[in-house]
Amino acid sequence: MNVAADDKPLAHKRVPVSKPPFELSDLKKAIPPHCWERSLVRSFAAVFRDFIIIGALYYLADTFIPMLPKPLAYVAWPVYWFFQGAYLMGLWVIGHECGHHGFSDYPWLNDTIGFIVHSLILTPYFGFKYSHRTHHANTNSIEYDEVWIPKRKSDKLYSEILNNPTGAFLVFVFKIVLGFPLYFVFNLYGRKYEKGITSHFYPYSPIFNDSERFQIFLTDLGVFATCYAVYRAAVIMGTQWVINIYGMPILFMSGFFILLTYLHHTHPAIPHYDSTEWDWLRGALATVDRNFGFLNHAFHDVTRTHTVHHLFPTIPHYNTFEAREAVKPILGEYYKYDDTPILEAVWRETKDCIFIEPDVVDGEKKGIYWFHK
């Protein structure tokens with residue numbers, strides 16, 4: 001096993017927390033100019049790719065799996081759910097890119113495409129767009145970040161009751177199965193607001209400002225329309241058909257969503273900051289690029305380019321890999337890449353990243369926090 005100079009595994013070696021010797025402008029200059037260009041052809045090609053693969057998987061499943069003997073069908077359905085969920089997650093990535101205006105040069109087109117594709121997969125497009133904006137503006141601030149807020153040692157449920165292998169396993173299963181709907185409906189794993197109902201579906205949630213509330217209402221209509229279409233399909237085709245064809249793939253997609261977002265922002269080697277230490281650049285750098293193997297293709301390879309996405313979120317996904325390679329020499333140790341196999345990584349992070357505690361220097365607590373167990 002490769003180890004760092006301080007005898008810690010390289011995957012666990014902490015990133016620097018001092019002020020970087022470079023500015024955001026230095027990174028921007030290093031990126032080739034064409035990486036900033038949005039191509040309607042390439043963007044729509046990504047959408048069509050996803051719909052073609054999703055349609056082909058649906059056709060194969062609906063046509064051939066019912067013909068199989070039951071023992072084989074019991075195997076074939078989960079295979080379909082897994083791959084269909086993965087490419088639905090790819091479609092989700094396109095909607096996410098629309099929210100960053102990385103799909104095209106036209107805001108109305110970005111919002112139209114994003115609203116359609118996210119509504120089809122039960123994601124509140126405008127609600128997520130606006131909360132995600134806050135996440136990018138406050139990444140790894142323990143007071144103001146919008147999602148994956150670390151627990152503190154004072155939270156006894158996590159630091160004592162669940163701080164064991166059995167507890168870690170239960171937390172893992174809960175996140176994968178219910179994390180997606182509970183985040184959007186009840187803001188689980190999100191920032192705690194003192195007043196109001198915090199939900200991505202509630203127009204008067206404190207997540208949003210007054211100018212955004214009508215768009216949240218539109219988001220609700222989009223998701224409701226999809227739910228109604230699913231209900232009508234269940235009436236016509238049967239509940240079991242809908243569960244197999246749509247319901248279970250959505251469940252797998254939601255699991256992939258949790259895996260991506262959790263692993264990009266949870267790692268023993270990345271810090272969190274309070275207001276005495278936080279600044280935007282160090283917060284954006286405290287993210288992790290991961291390798292999801294063959295699933296990188298399904299996810300449009302955003303898995304390996306999350307750090308550069310936080311630095312420059314308007315770069316379209318098909319240019320982020322080149323942009324990442326351009327800035328890596330400048331980032332040096334401030335760039336974190338971990339290619340630990342995903343199941344191993346999510347188990348390690350689930351059991352090792354239980355709560356955060358501040359650095360203590362000369363008996364004084366600092367505003368830089370690390371995960372502990």
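Colleague: In which loop is His300 found?
Modeller: This is a predicted model in which local features need pLDDT of at least 70, side-chain atom pairs count only at pLDDT 80 or more, and totals for chains, interfaces and linings use all residues. Residues are numbered from 1 along each chain as its sequence is written, and side-chain values use heavy atoms, without hydrogens and water. With helices taken as DSSP runs (H or I, at least four residues) numbered from the N terminus, His300 falls in the loop between α11 (295-298) and α12 (306-311).

Colleague: What is the phi of His300?
Modeller: Most residues other than glycine have a negative phi. His300 is not a glycine, yet its phi is positive, at about 60 degrees.

Colleague: Is His300 buried or exposed?
Modeller: Buried means under 20% relative accessible area, exposed over 50%, and partly exposed in between (1.4 Å probe, protein chains only). His300 has 9% relative accessibility, so this residue counts as buried.

Colleague: Where does Tyr189 lie, and what is its phi?
Modeller: Tyr189 lies in the loop between α7 (165-186) and α8 (213-237). Tyr189 is a residue other than glycine with a positive phi, near 70 degrees.

Colleague: What is the relative accessible area of Tyr189?
Modeller: Tyr189 sits in the loop between α7 and α8. Tyr189 is buried because its relative accessible area is 11%.

Colleague: Which element gives the largest share of the lining of the second largest pocket?
Modeller: A pocket is an open set of 1 Å grid points where a 1.4 Å probe fits, with protein on both sides within 12 Å along at least five of seven lines; lining residues have an atom within 4 Å of a point. The largest share in the second largest pocket is 5 residues, and they come from α9.

Key. Helices (H or I, at least four residues) and strands (E, at least two) are DSSP runs, numbered from the N terminus.
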